[in-house]
Amino acid sequence: MKNPLYIYIFVRKDLPSKEQICVQTAHASMEAGIYFGKKTAEPYYFALLEVDDEEVLKGAMGRCDYNDVQYRAFVEPDLNYTFTAMATEPMTKEHGKIFKD
């Protein structure tokens, strides 16, 4: 495989429990899968990134917006409708460098 595609998944590490972090990761992943679908026979890989809180997560969304990267963010009703996780469209690892730093 020459140029594998990655879905970058961001999840807040300030959520109430490790179980909640896992659930929110699954929600964002599922939303991305439904929205973006499968466009190639090649497998997608995942890069899981923890962020400190909702503000940092919103910063990652802003970075996506700035770089024309589509994403799906998940809002959890049980946590006062706050953003808890997001997942990007499939992209190359090279393109994913926009998230470094």
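**Exercise 1.** Determine where Lys58 and Glu55 lie and how many residues apart they are.

*Solution.* Begin with the secondary structure, in which helices (H or I, at least four residues) and strands (E, at least two) are DSSP runs numbered from the N terminus. Lys58 and Glu55 are both found in helix α2, three residues apart, which is about one turn of the helix. Next, inspect the side chains, which meet in a salt bridge at 4.0 Å, N to O; the term denotes a side-chain nitrogen of Lys or Arg within 4 Å of a carboxyl oxygen of Asp or Glu. Finally, take accessibility, where buried means under 20% relative accessible area, exposed over 50%, and partly exposed in between (1.4 Å probe, protein chains only): Lys58 is partly exposed at 34%, whereas Glu55 is exposed at 55%.

This is a predicted model, in which local features need pLDDT of at least 70 and side-chain atom pairs count only at pLDDT 80 or more, while totals for chains, interfaces and linings use all residues. Residues are numbered from 1 along each chain as its sequence is written, and side-chain values use heavy atoms, with hydrogens and water left out.

**Exercise 2.** Explain which parts the salt bridge between Lys13 and Asp52 ties together.

*Solution.* The closest N and O atoms of Lys13 and Asp52 are 3.3 Å apart. Lys13 sits in the loop between β1 (5-12) and α1 (18-36), and Asp52 in the loop between β2 (44-51) and α2 (54-66), so the pair links parts that are 39 residues apart in sequence. Lys13 is partly exposed at 44%, and Asp52 is partly exposed at 45%.
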